[in-house]
Amino acid sequence: KALIAALKSIRPSSPEFGQFVETGKRKIIEYYNANGDMYISKAQAMAKEERYDEAIYMLMCIPEVCKDVYDRAMSEVSDIYSEKIDVLSERKLMEAKAVWSAGLDYDSATEAAEILSEVHPNASCYPNAIALSKEIAARVKELDDREWQFILDEQSHEHEMQKAQIDNEHEEQMAQIEASKEIARAWAENQPDPVYN
């Protein structure tokens with residue numbers, strides 16, 4: 001009751017309250033300017049532990065007004081995002097190879113295709129995924145004398161179109177930052193509610 005009464009007594013239009021807010025903003029900016037390198041180092045450590053979403057979330061919390069720290073953080077977000085898609089896509093490629101090697105038939109080709117469809121077009125292993133899809137298609141044609149249309153062929157075409165639409169490196173980085181914002185938002189929403197004693 002005392003807390004509620006105290007909050008009710010605050011007048012947002014009062015000069016003291018305005019000064020309090022301005023002081024708070026200034027201290028937040030000073031804090032991030034002073035501790036930005038620590039946040040970036042923590043995020044890099046999280047990325048090494050493959051806690052990519054949490055690392056991206058931490059870096060996305062740095063306010064834009066802390067220009068120097070923010071720019072370094074966004075550069076790190078781009079690197080972590082690229083690392084995330086590379087690592088996860090490489091795992092999907094290995095999984096698809098294992099499934100395909102285990103069966104070498106139409107059913108294993110279909111299962112491998114589903115797995116390969118999760119390989120990100122910007123991943124460094126994407127050309128290997130395309131090569132595997134062509135290998136699978138050739139083997140299916142040899143076994144069943146029928147065409148096997150693979151999802152990645154369409155994705156490859158889409159990927160080329162996307163590359164053509166991206167005019168420069170800056171726009172690509174901005175797209176990664178937007179994707180990173182979504183990752184950070186999703187990570188934050190999936191955290192358990194805090195329990196206060």
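This is a predicted model: local features need pLDDT of at least 70, side-chain atom pairs count only at pLDDT 80 or more; totals for chains, interfaces and linings use all residues.
**Salt bridges**

The structure contains 11 salt bridges.

| Salt bridge | N to O distance |
|---|---|
| Arg72 – Asp37 | 2.2 Å |
| Arg91 – Glu50 | 2.4 Å |
| Lys84 – Asp53 | 2.6 Å |

In the salt bridge between Arg72 and Asp37, distant parts of the chain are linked: Arg72 belongs to helix α4 and Asp37 to helix α2, 35 residues apart. Arg72 is partly exposed, at 29% relative accessibility.

The salt bridge between Arg91 and Glu50 also links distant parts of the chain, with Arg91 in helix α4 and Glu50 in the loop between α2 and α3, 41 residues apart. Arg91 is partly exposed, its relative accessible area being 43%.

The salt bridge between Lys84 and Asp53 joins helix α4, which holds Lys84, to helix α3, which holds Asp53, so parts that are 31 residues apart in sequence are tied together. Lys84 counts as buried because its relative accessibility is 14%, under the 20% cut-off. Asp53, with a relative accessible area of 27%, is partly exposed.

**Loop residues with positive phi**

Glu50 is a residue other than glycine with a positive phi, near 65°. Its loop lies between α2 and α3, the latter spanning residues 52–60. The relative accessible area of Glu50 is 38%, and the residue is partly exposed.

Leu104, likewise not a glycine, has a positive phi near 50°. Leu104 sits in the loop between α4 (67–103) and α5, and is partly exposed at 38% relative accessibility.

Helix α5 covers residues 106–116 and includes Asp107. Which residues of α5 are buried? They are Ser108, Ala109, Ala112, Ala113, Ile115 and Leu116. Viewed down the axis of α5, these buried residues fall within an arc of 160°, so they line one face of the helix. Asp107 and Glu114 are exposed on the other side of α5; for Asp107 the relative accessibility is 61%.

Asp107 and Glu114 also take part in a surface patch of negative charge, together with Asp105 and Glu111.

A nonpolar surface patch is formed by Leu3, Leu7 and Ile10, which together have about 310 Å² of accessible area. Ile10 is located in the loop between α1 (2–8) and α2 (15–48), and is partly exposed with a relative accessible area of 40%.

Note on methods. Residues are numbered from 1 along each chain as its sequence is written. Side-chain values use heavy atoms; hydrogens and water are left out. Patches are made of residues with over 30% relative accessible area and no salt bridge: like charges are joined within 9 Å, nonpolar side chains (Val, Leu, Ile, Met, Phe, Trp, Tyr) within 5 Å. Accessible areas come from the Shrake-Rupley method with a 1.4 Å probe; for residues, only the protein chains shown count as cover. A salt bridge is a side-chain nitrogen of Lys or Arg within 4 Å of a carboxyl oxygen of Asp or Glu. Lys and Arg count as positive and Asp and Glu as negative; His and the chain ends are not counted. The place of a charge is taken as NZ of Lys, CZ of Arg, CG of Asp or CD of Glu. Helices (H or I, at least four residues) and strands (E, at least two) are DSSP runs, numbered from the N terminus. Buried means under 20% relative accessible area, exposed over 50%, partly exposed in between (1.4 Å probe, protein chains only). The arc is that of the directions from the helix axis to the C-beta atoms.
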